[in-house]
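Biologist: I would like a close look at one part of this model, followed by what lies around it. Please state the cut-offs as you go.

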Amino acid sequence: MGVIDISNPYCLTKVKASLPGPEALRLNCSVARRRKGAVSMTSQIPVEQVHKSQQRLTGDSFIRPHLRKLSPYQPILPFEVLSTRLGRKPEDIIKLDANENPYGPPPEVLEALGTLKFPYVYPDPESRQLRAALAIDSGLESDYILVGCGADELIDLIMRCVLDPGNKIVDCPPTFTMYEFDAAVNGALVLKVPRNPDFSLNVDLIKDTVDKEKPKCIFLTSPNNPDGSVISDEVLLKILELPILVVLDEAYIEFSSIESKMQWVKKYDNLIVLRTFSKRAGLAGLRVGYGAFPLSIIEYLWRAKQPYNVSVAAEIAACAALLNPSYLEVMSSLAHGKASSTSSALNAPQSKSKRMVKEKFGTKPEWMTKRCLWGR
């Protein structure tokens with residue numbers, strides 16, 4: 001886009017010159033710098049008409065036109081509101097409307113937050129300690145990982161970096177409605193390709209849509225929200241062959257038997273994989289999401305993201321959750337209804353990943369808190 005310096009008003013006036021446009025503009029600015037005093041110009045707009053325009057000015061006239069027609073996202077009601085409406089204590093309410101983890105985070109999270117010492121210091125803009133822990137957890141180098149204020153922020157960031165107003169995305173309903181909402185916020189058009197009766201993707205229709213409409217990206221969820229269907233490797237590979245950016249949302253991957261595709265971003269330049277701590281670690285209220293990106297894409301997201309998007313508390317909590325992979329495995333077992341495996345998972349020996357994380361970040365919450373704050 002560029003920047004226009006309007007500190008010198010003479011540079012914004014047109015002059016009559018025999019030189020071409022840019023040369024005339026430079027000449028005008030050069031002449032203006034040698035002049036002193038004020039310049040008065042006669043308006044060609046009648047005073048009465050100016051007054052009428054000023055009277056009609058309202059706050060919403062500054063809002064982008066497409067946002068004036070935007071329907072707000074319908075969020076879930078928090079415990080406090082439900083408690084008041086129902087006349088019940090929050091502890092007596094079981095919420096199922098947002099797929100939140102009812103068991104809460106590992107105990108290490110509460111311990112770490114209880115020893116938070118530097119809330120007055122801005123967080124690490126690169127979330128280095130968390131990305132290093134995620135690299136150990138996922139097996140993918142931290143250079144490919146970007147952390148956000150929930151995966152929702154990353155969805156919006158991707159759209160802001162990829163889409164121009166009027167560009168198109170492919171959405172496959174029924175699915176997570178944030179894709180459609182964020183597309184509307186960014187002035188994009190949504191091409192809806194409905195799923196098959198068994199909730200599988202209609203790959204042929206997706207191919208036809210990409211060929212005819214030339215959308216820029218497609219958002220897929222595996223396991224899908226709300227039905228839990230998964231995308232097979234065969235289907236995903238067919239879609240990756242298309243000239244379109246594929247954003248694969250794996251918010252519920254821990255509650256399935258399939259492997260994450262985070263490693264695939266090293267091979268496919270048109271694949272982004274999103275993950276979250278909201279479900280697996282019970283940190284929905286602290287907003288921590290992350291994604292795996294090709295190096296050719298992540299460079300530009302680093303440029304465009306907000307500098308302090310992940311709070312100190314959120315990074316510390318996520319680091320602490322990764323110290324207890326056994327607990328995270330129990331959450332997955334409970335979601336599958338495998339109650340019998342809960343005790344064995346809790347009593348299992350420390351996994352290699354847990355030992356590696358503890359070796360790097362330590363085990364005491366207060367020490368880990370300091371480590372998570374370093375690297376500014």
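Modeller: Helices α7 (150–162) and α11 (277–280) each supply at least two residues of the lining of the largest pocket. The model is predicted, so local features need pLDDT of at least 70 and side-chain atom pairs pLDDT 80 or more, while totals for chains, interfaces and linings use all residues. Residues are numbered from 1 along each chain as its sequence is written, and side-chain values use heavy atoms, without hydrogens or water. Helices (H or I, at least four residues) and strands (E, at least two) are DSSP runs numbered from the N terminus.

The lining comprises 26 residues, with Y73, A98, D152, F176 and K279 nearest the centre of the pocket. A pocket here is an open set of points on a 1 Å grid over the protein atoms alone, where a 1.4 Å probe fits and protein lies on both sides within 12 Å along at least five of seven lines; lining residues have an atom within 4 Å of a point. Its volume is about 680 Å³, taken as the space filled by probe spheres set on the points, which are joined across faces, edges and corners.

Next, the sheet. Seven strands form an open sheet with mixed pairing, in the order β1-β7-β6-β5-β4-β2-β3; strands pair if DSSP finds at least two bridges between them. From one strand to the next the twist averages 25 degrees. Strand β4 (217–221) runs parallel to β5, joined by five bridges, and T221 stands opposite D249 in β5. Helix α6 (128–138) packs on the sheet, touching β1 and β7 (289–292), its direction making about 120 degrees with that of β1. Helix α10 (233–240) also packs on the sheet, touching β4, β5 and β6, at about 150 degrees to β5. Axes are lines fitted to C-alpha atoms, for helices over the stretch in contact, and angles run from 0 to 180 degrees between N-to-C directions.

K261 belongs to the loop between β5 (245–249) and β6 (271–276). K261 is buried, at 6% relative accessible area (buried is under 20%, with a 1.4 Å probe and protein chains only). Beyond four places in sequence, K261 is in contact (heavy atoms within 4.5 Å) with D233, L236, L248, E250, L271 and V273.

Definitions and conventions
Buried means under 20% relative accessible area, exposed over 50%, partly exposed in between (1.4 Å probe, protein chains only).
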